[in-house]
Every structure is written in structure tokens, then in C-alpha cells.
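Subject: Structure handover

Hi,

Here is the structure I promised to pass on to you. Have a look at it first, and then read my notes below.

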Amino acid sequence: MVLLKIAGQKILSENIKRLAIQFFIKEVENGVHSPLFRQYSNPCSQLNKKDQEAFAGLLTDLNITFDQIITLPNILDVLHNDICEIHLVSFGSQDKAQPTSMIKALFKEIISKEFQDYFNIATDASKSNFYISIAGTSNLRSFSFRIHPINSILTAEAFVICQAIDDLSVPDSNLLILTNNFSVLQALKNLSIKSPKVILRLAHKILMRAKFNQKIALVWTPGLSSIIWNERADSLVKNVMESDLYIEWIAVEDICSYYSNFSIQKPIENLRNSKYLEILGDLPSILSLAPWLKNRREDIIITRILTRMIIIPALLHRFGLYNNPFCSVCNQENTIEYILLNCKKYFPHKRIFCLKLNLNLQIFSSYKVFLHTICSSKRHLQVFSSVAETLWHLLTVTLGY
């Protein structure tokens, strides 16, 4: 439990379970395209009753239902067609190095020359700690919704374009859709079978419009550039409230990412609910400390000090491997806490450490507070690790290990 927490790792069986669950979630997304689902009927996975109940229970823990998962449309046509115009760096107004006034003027010129016969729509999305809001606007009407907070901002920006095509388009008019999210348009331009499913769904929706002779042009507009369409969409999305309509769809990639983070928290929660928290404190992950350490040897020493498993007389005596657990100078039990904070035998080495960091070991009320201070900064940890390596060498020589 302690080693899993400090290593930032999960139990192998839990990792296998996570991968299996992610596989089944992706199959739910594939819908009738998946071999695990019956064709031409309501989705019904070919799992035994026990696994179905476990899977449903997991989705409940994540506050998700089957119906919320965005399913994959028929994408074969999408991958083999040039579905629409996508402009990322085509125009002078897309150069963020230009002054704001110049971007604004160039944008107006481009709209009047290149897209004079298009119906304009602007979209935006915003993510907060509580929910994700999306908004779209045209000269005729607007919308603003909340979507599930598990979704990423990429999903939200792609989803709002889908929603705008459905809600804001005008029959028999070509559409110019303006967005300040570069990543969505880039993903759409580089479409492949491995693209995020919400991008594939957006491409499918655009293709369906193209089949009815409705052209769609997607243009990236730099944010914070005073373009009126951006400002309108931005104002709408920032004013979304909890009372606004809530759309429950979730992209499968975001569910898998959320579940991965959810499963990583398990070793942390297990430690916090155990007796070891009182003894060891809330241990940092060695993965977070490793960039501050020079080599694998320092990783091992720091890990053993944090977990109180470094080779010292008291630890060896506890396992019946050493006769005398007491310090030959102080006549006190040679625990790691005592050696680092109070022992006079190693005072010269600890004095170097204290002088370099301007610390007084007497100020630390406990070993846990001392460790928290040491791990709080790169300099503290690097100075301490060099002293700790010297102490460990002296201890192993003394003990004959």
C-alpha cells in the first residue's frame, strides 16, 4: 500500500481491470459497429450477468449512463472525402502577431470578399470547476447550454460546432463557422480512423450537409482580437448558468481519461484510510521528486527514508538481524527519526546540511514535518539527498552491510 502510493503505481489487477473497462466503454461507443453488440437492435453487450452488473456499477460510480456516451457514426465516407473548407492560416487576420485593430480590419475584409454568400455562425466553449458551457450565435438566433463536466475543452469545442450546424443553420445557405479553437480544426483537417470520436462525428455531420449541397467553411479566428463574432459567442458562453439547459453527452476518450485518474486515486485513498497515514504522513510520489534527484541511488535512499525502511540498527533489531538497536554515543534507540533529528554521532554531517539551507533541526515538531519541509523544494531535497547518501554509507559500513 505504502509503496504503491510513493511509486505512484496501481495494483496490477486494478490496472488490468482499468484496461478491460476502457475497452468495454469504447465498444459501447462503437455501438452497432462493435462485435460485442447485437446488430439492428438496441445496444446489448454480450457480457455475462455478473460482468454486466459490475460494468453498470462502475458507470454509476462515475455518474455516467450508457445513453450519455457519444456513439460512433458511419465513418467510411468521412475518411475518403474532402468534407469542407478549413482555414487555419489562410488569411492575414489569422496572424496573431498583427495588432488587434489590423486583425479586426482584415477579418471584415475577408468576410466581405471570400464569404459574402455565406451565413455566419460563431461558436465558443468554456470549462469551469463545476460545468462546461457551450454557446453559438448567428444574426437570427443563439443558444447556450451546459454539458457534462467530464468532457474536455476539445470535446466541448467540437460538440458546439455540431450543435450550431443543427440549431443555427439556414436552409439553402452555405455556412461559415467561426471558432477560436485551433486544435479542433487541426484535428478535423488531419482526419483519420484514430481521430477523437467527437471529431469523427463532427466530420460525419458536415458530410451529411455536403450531400444536400450545403457548403460549410470553418475558419479559425484568434481569441482576444476584438472580432465582433468572437465577442458575441464569448459573452454568451460566459453567462451560462446552472439553470440553463443541460446536455448529457460525453466523449468516450474523456470517460477513459477520467476513469484513469479515478483509478490512480485509489492507492492514495487506501493510504489515507490506513494506519500508515498517522505513522508516515501523506507521502509524496517519488515520480514527482525524481526530476530533482541525480540518479537511481538517490531515488532509493529518499524512498527508504520516506517509508522508514532504510537500513539502520533499530530496523535490523526489529527483524532480529542486529543485537544492539542503541546509539553508541547517545545510548538512544537508533531510529531514522532520531538519527536525522537528534543523534550527536552524525552531527558534523547534519551541520553541513543545516548551514547550506539555514535550518535548525530543533524547530521540527515531528519527523513528518521535517520530511514535508525537505520535499517542498528542489534545493532542499538535493542538499538533503547528498547528506543522506553520506549517512547511509556510514551506517552500512558500521553495520557491515
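Please keep in mind that this is a predicted model.

Let's begin with β3 itself, residues 132–137. Of its 6 residues, 6 are buried, so the strand is largely enclosed by the rest of the structure. Buried here stands for under 20% relative accessible area. The cover is on both faces: I132, I134 and G136 are buried on one side, and S133, A135 and T137 are buried on the other.

What lies beside β3 in the sheet? Strand β2 (residues 118–127) pairs with β3 over 6 bridges in the antiparallel sense, and S133 of β3 is the bridge partner of S126. A hairpin of 4 residues leads from β2 into β3. Strand β4 (residues 142–147) is also antiparallel to β3, joined to it by 6 bridges, with G136 opposite F143 of β4. Here, too, a hairpin makes the link from β3 to β4, through 4 residues.

Stepping back, the open sheet has 7 strands in the order β1-β6-β5-β2-β3-β4-β7, with mixed pairing. Its edge strands are β1 (85–87) and β7 (246–247), each of which pairs on one side only. The pairing of β4 with β7 is parallel, over 2 bridges, and I147 has I247 in β7 as its bridge partner. Helix α6 (residues 153–167) packs on the sheet and touches β2, β3, β4, β5 (174–179), β6 (216–220) and β7. The direction of α6 makes about 145° with that of β2.

Best wishes

Note on methods:
Residues numbered from 1 in each chain as written. Predicted model: local features only at pLDDT ≥ 70, side-chain atom pairs only at ≥ 80, totals over all residues. Heavy atoms only, no water. Buried < 20%, exposed > 50% of the residue type's maximum accessible area, 1.4 Å probe, protein only. Pairing = 2+ DSSP bridges. Contact = heavy atoms within 4.5 Å. Axes fitted to C-alpha atoms, helices over the stretch in contact; angles between N-to-C directions.
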